[in-house]
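Thank you for making time for this at the group meeting. I would like to walk through one structure with you, so please keep the sequence and the model in view while I talk.

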Amino acid sequence: MPNIIVVGTQWGDEGKGKIIDLLTPSVDCVVRFQGGANAGHTVVIGEQKTVLHLVPSGILHEQCRCIIGNGVVLDPVTLIDEIEGLHQQGYLSDPLRLAVSDRAHVVMPYHRQIDSLREKRRGASRIGTTGRGIGPAYEDKVTRQGIRCIDLVDPNAFEERLDLLVPEKNKELELLGGTPINVDELMDLREKWANYLAPHITDTTMLVHDAMRDGKKILFEGAQGTALDIDHGTFPFVTSSNTCSGGALSGSGVGPTAIDDVVGIVKAYTTRVGQGPFPTELEDECGTHMQDKGKEFGATTGRRRRCGWFDAVLVRHAARVNGLTKLVLTKLDVLAGLKKLKVCVAYELDGKRIDYMPADAHALERVKCIYEECEGWKGDIADARSMDKLPKAAHRYIDMLADLIGVPVDIVSVGPDRSANIIIRSIF
Ligand code: GDP
C-alpha cells in the first residue's frame, strides 16, 4: 500500500522514530504533520545516535524527500540547529530534500517566553509543557495572529504582522513579568532565518500531491501520541495539536481517500512524561525495572518518564480514533525479567466497570484498573529476529495485546538498534 500514517498510540515516546526509520527505505517521502520541537525522535544507527525534533527521521535516507507540513509549528532556531547538525553528520547534501510548508506557523521567541512564564505561574497545577512555545504558537494560529513561514521571507509582511500583534503580546508579557518584545531584534532575526531557510520554504501541499500523482509512497509521521491529542487525549494534560491520524490530513493538505493504512506504534508497557492522570502507573520495583531497562528519559527534555503496566483501554481508544489497521509493538525486550505481567483490560469508575476512556481527567484519576495477569519471561530477547526465537510467554503477551486492541501486530521491536526487529508481516 503506498500511503500510510504512523502515529503513537499512548502518551508519546513509543519508539516512533526507530520504526519510521525502519519503514523509510520503502517510501519516497516522509511528511511531519503536527507538533513542533517538543517532540523528539531518537534514531540509533550503529554507534551513531541522532535526535531529531522537527526534521522527519526520513532525512537519514538519501532517497527520501522530507516535508515539514502546514500543521507543524516551527521554531527556526531549532530547525537551523538541526540542519547544521545533519550537515555535520554528512546528511542533507541536497537542501531540496527538506521542504518546509510556507503555511506552517513560526514559533517566535515571545512564544517561548510566554510558555515558560505561564507554566511557572500555574505552580502545582502546571500542565507539564516543555516550555518551547508550541502552545502559544498554536494559540496565535487559531486567533489568526500568527506569523507563517511565508511571512518570514517577506520583510514587509513580517513587519505588518508584528505591528498588529506586538501591543497585545507586550501587555501579556507585562502581566506575566516577562521582557517586552524588541521589534528591531526580531527584524534582524527574520533576516537571518529567511536567509537560511528560504531555499526550503515552499508550497508543500503541492509537493505531496505531485508525489501522489506520480505514484510515490508517502509516510505521514506523527509526533507524540494519541493520549496527548488536543481533542482525544487526556485534556487538559495534552499538547496543542491533533496528534491522531485526522491531524495528518489537515496538517499536510490531503484527504482521507489518500490513505491506505494507519499504523499505530505501541509500547509493550505505558509511559508518560509530565503531569496528568495515568491509571496503570507503577511506583514499585516493576516501574523502576521499566524505567531503568527501558532508559525512560525524554529525548527532548531529559525528564524521567513515569512508567506503568500496559493499558489496553487507552490503546483501544487510540485504535478507534485513529482507525488503526496495523500495530508495531516496541520495547518488548524491556519486560524480560519481570515474573508476572499485568495488562489493564477495563476500568472501574465509581463502582461501575467501563471499557472506554472517560473524557474527564478527574474521572480518569479516580478509575481503578481491572487487570489480567500473564506470565513473564526470564531470558533476554534482544537478539530474537523471528517469532520462533521468542519464549512462549512473550507469544502469549503479544497475542493478548492484539486481541484486546483488536488490531494485528505486524512488527515487534526488541531493541533500540535499527535491526532489532521481528517482522511478522511487511507493512508495505
Ligand atoms: P519516539 O518519540 O516515539 O520516537 O520515542 P523516543 O525516541 O522518545 O523513545 C524511544 C526510545 O526507545 C529511543 O531511545 C529508542 O532508541 C528506544 N527504542 C525504540 N525501540 C526500542 C525497543 O524495541 N527496545 C528498546 N530497548 N529500546 C527501544
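Let me begin with the second largest pocket, which has a volume of about 210 Å³. Its lining is made up of 14 residues, and those closest to the centre of the pocket are Gly71, Tyr138, Lys141, Ser241 and Asn242. Please bear in mind throughout that what we are looking at is a predicted model.

Which helices each supply at least two residues of this lining? They are helix H4, residues 134-142, and helix H9, residues 245-250, and of the contributions to the lining that of H4 is the greatest, with 3 residues.

Just after H4 comes Arg144, which takes a positive phi of about 60°.

Now to the nonpolar cores. The largest of them has 62 residues, of which Phe220, Leu332, Leu335, Trp377 and Tyr397 touch the most other members. Helix H13, residues 392-405, provides the largest share of this core, namely 9 residues, and the core draws at least three residues from each of domain 1 and domain 3. If we take Leu335 as an example, and do not count residues up to four places away in sequence, Leu335 touches Ala268, Tyr269, His289, Met290, Leu341, Trp377 and Tyr397. Apart from this core lies another, of 53 residues, with Val55, Leu60, Met187 and Leu219 among them.

I will finish with two loop residues. One of these is Gly276, in the loop that runs between strand E12 (270-272) and helix H10 (285-293). Is Gly276 buried or exposed? Its relative accessibility is 10%, and because the cut-off for buried is under 20%, Gly276 counts as buried. Gly276 and Phe237 stand 39 residues apart in sequence, yet their C-alpha atoms are 5.4 Å apart in space. Leaving aside neighbours within four places in sequence, Gly276 is in contact with Phe237, Arg306 and Glu365.

The other is Pro25, which lies in the loop between helix H1 (16-23) and strand E2 (29-32). Along the chain Pro25 and Gly58 are 33 residues apart, while 8.2 Å separates their C-alpha atoms. Which residues does Pro25 touch, not counting those up to four places away in sequence? They are His61 and Gln63.

Methods:
Residues numbered from 1 in each chain as written. Predicted model: local features only at pLDDT ≥ 70, side-chain atom pairs only at ≥ 80, totals over all residues. Heavy atoms only, no water. 1 Å grid on protein atoms, 1.4 Å probe; cavity = no way out; pocket = protein on both sides within 12 Å on 5 of 7 lines; lining within 4 Å. Points joined across faces, edges and corners; volume = space filled by probe spheres on them. Helix = DSSP H or I, 4+ residues; strand = E, 2+ residues; numbered from the N terminus. Core = buried A, V, L, I, M, F, W, Y, C linked by side-chain atoms within 4.5 Å. Buried < 20%, exposed > 50% of the residue type's maximum accessible area, 1.4 Å probe, protein only. Domains from an automatic or database assignment. Contact = heavy atoms within 4.5 Å.
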